[in-house]
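This dialogue is written for a reader who meets the structure for the first time. Please look at the sequence and the model before reading on.

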Amino acid sequence: MNFLNEITSRYPQAISFAPGRPYDGFFDTSQIFQHIQRYLDHLADNGNSPEEIRDAMFQYGPTAGRIRALIAESLRRDEGIDVAPESIVVTVGCQEAMLLAVRALIADRDDVLLVASPCYVGITGVARLLDVELVPVEEQEDGLRCADLEQAILAQHARGRRPRAFYVVPDHSNPSGTTMPLRTRHELLELADRHDILVLEDSPYRLVGGGQRLPTLKALDRRRRVVHLGSFSKSLFPGARLGFAVADQPVTDTADRIGLLADELAKIKSMVTVNTSPLSQAAVAGMLLAGGGQAAGLNNETSAFYQEAMRSTLRHLERRFPPAVREALHVRWNEPSGGFFLTVRVPFRADNEALARSAQDFGVIWTPMSYFYPQGGGDFSIRLSTSYLTQKDIGEGVERLGDYIEHEARSVQGSDRTENG
């Protein structure tokens with residue numbers, strides 16, 4: 001990822017399909033103060049004294065977070081996830097939620113973490129940082145197949161390993177853009193219960209994804225098999241760096257006291273970040289209050305923007321690569337219903353050298369999919385992020401990308417003819 005940042009800074013005029021970040025056009029700095037003031041008014045309206053309000057804003061605050069009740073209410077309204085506030089831990093972005101969950105669940109050298117592959121690099125980084133063995137379960141072009149996951153679980157048992165959890169992004173996945181069908185969601189929950197593993201459900205794109213919103217795994221969870229990892233970065237306020245974990249699984253501590261997994265996450269958090277910024281919590285809380293306790297309604301405009309950006313990218317790809325050209329070049333792509341990402345299969349090795357040529361000679365940047373395969377793969381695929389670009393940039397960017405792909409394809413074909421000559 002450092003190389004990707006270097007390429008972006010080296011070629012600032014290039015159109016970049018690389019950053020998976022929200023579009024800047026929806027942000028207004030004056031709103032920050034309005035959000036915080038709304039939360040302060042909320043505290044006052046609920047009987048907090050000026051001293052208590054001052055403490056809420058200036059002091060460290062509880063490790064598990066101050067706004068758990070508001071997050072629980074938004075989950076109930078937006079997602080049909082009905083959990084007690086005590087089962088929620090507010091984190092410094094979803095990245096910390098991942099770290100806490102993996103650290104709590106992977107306690108023994110024989111424990112392993114399963115991940116859908118390709119996968120978000122954040123979970124790979126967490127596994128490396130904590131020295132956790134990570135076992136990829138490769139998705140097919142249409143997404144995860146539970147039979148493949150079950151085979152991986154059985155193979156780990158045969159090695160004397162204990163699969164503890166499975167990490168997956170069910171909705172508009174980063175990097176592939178796939179969305180897990182409802183039937184597969186039910187199959188995954190049944191499989192998790194049968195094999196006694198937990199599912200780490202990472203869900204940052206749902207409220208901005210567009211298309212039909214299927215129920216989260218956590219909303220379908222009847223046996224507390226799912227630890228739901230959430231974030232407000234894509235939906236409300238990326239700069240707040242506010243995420244959360246829903247961990248309502250009962251656990252027994254060393255003194256035989258029964259508590260919640262959330263309590264264990266909070267204990268670990270107290271040794272990592274101590275607490276989550278009260279200012280960030282106040283800003284997000286104010287936004288949730290503005291939405292009547294929901295985040296979904298605040299994202300209608302942004303969701304429509306991202307969905308149109310995805311549709312526009314797909315339309316431009318279709319025009320730039322009509323069926324005959326696609327077949328001749330061996331180019332294809334998936335068609336996500338929304339979200340930020342899609343995957344394009346290309347006829348050349350899409351590595352760092354190819355990316356550098358693309359940026360320098362054609363003025364277009366993308367992300368090699370090989371970055372997202374923990375044990376190798378994705379060498380002939382690229383990820384396009386559609387979230388950060390205007391319609392004009394999307395059109396021009398796809399044209400440049402098309403020119404580049406055709407150039408690389410001719411080079412590959414020429415090399416093949418030379419070798420066979």
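This is a predicted model: local features need pLDDT of at least 70, side-chain atom pairs count only at pLDDT 80 or more; totals for chains, interfaces and linings use all residues.

Q: In what order do the strands of the 7-strand sheet lie?
A: Strands (E, at least two residues) and helices (H or I, at least four) are DSSP runs numbered from the N terminus, and two strands pair if DSSP finds at least two bridges between them. Here the order is S2-S8-S7-S6-S5-S3-S4, in an open sheet with mixed pairing. S2 and strand S4 (133–138) are the edge strands, each pairing on one side only. On average, neighbouring strands of this sheet are turned by 25° against each other, direction ignored. Strand S3 (residues 111–117) pairs with S4 in the parallel sense over 6 bridges, and Leu 114 stands opposite Val 135 in S4.

Q: Which helices pack on this sheet or lie across its strands?
A: Contact means heavy atoms within 4.5 Å; axes are lines fitted to C-alpha atoms, for helices over the stretch in contact, and angles run from 0 to 180 degrees between N-to-C directions. H6 touches S3, S4 and strand S5 (162–168), and its direction makes about 150° with that of S4. Helix H10 (residues 261–269) lies across S2, strand S6 (198–202), S7 and S8, running at about 30° to S2.

Q: Is Ile 123 buried or exposed?
A: Buried means under 20% relative accessible area, exposed over 50%, and partly exposed in between, with a 1.4 Å probe and protein chains only. Ile 123, in helix H6 (residues 121–129), is buried at 0%. Leaving aside neighbours within four places in sequence, Ile 123 is in contact with Met 98, Val 102, Leu 113, Val 115, Leu 134 and Tyr 167. The C-alpha atoms of Ile 123 and Gln 95 are separated by 7.9 Å, although the two residues are 28 residues apart along the chain.

Q: How many residues does helix H4 have, and what span should they give?
A: The expected span of a helix is 1.5 Å times one less than its number of residues. Helix H4 (residues 68–79) has 12 residues and should span 16 Å, which agrees with the 16 Å between its end C-alpha atoms. Among the buried residues of H4 are Leu 70, Ile 71, Ser 74 and Leu 75. An α-helix has 3.6 residues a turn, so residues three or four places apart point the same way. The cover of the buried residues of H4 includes helix H2 (29–45), strand S7 (226–231) and helix H11 (278–290). Gly 80 follows H4 and has a positive phi, near 70°.

Q: Why is the pair of Tyr 23 and Phe 26 called edge-to-face?
A: A pair of aromatic rings is described by the distance of the centres and the angle of the planes. Rings of Phe, Tyr and Trp (its six-membered ring) pair if their centres lie within 6.5 Å; planes under 30 degrees apart count as stacked, over 60 as edge-to-face and the rest as tilted. The search of the whole structure finds 13 aromatic pairs. The ring centres of Tyr 23 and Phe 26 are 5.7 Å apart and their planes stand at 80°, so this pair is edge-to-face. Phe 305 and Tyr 306 are also edge-to-face, with 5.6 Å centre to centre and 80° between the planes. Tyr 23 is partly exposed at 23%, whereas Tyr 306 is buried at 1%.

Technical notes: Residues are numbered from 1 along each chain as its sequence is written. Side-chain values use heavy atoms; hydrogens and water are left out.
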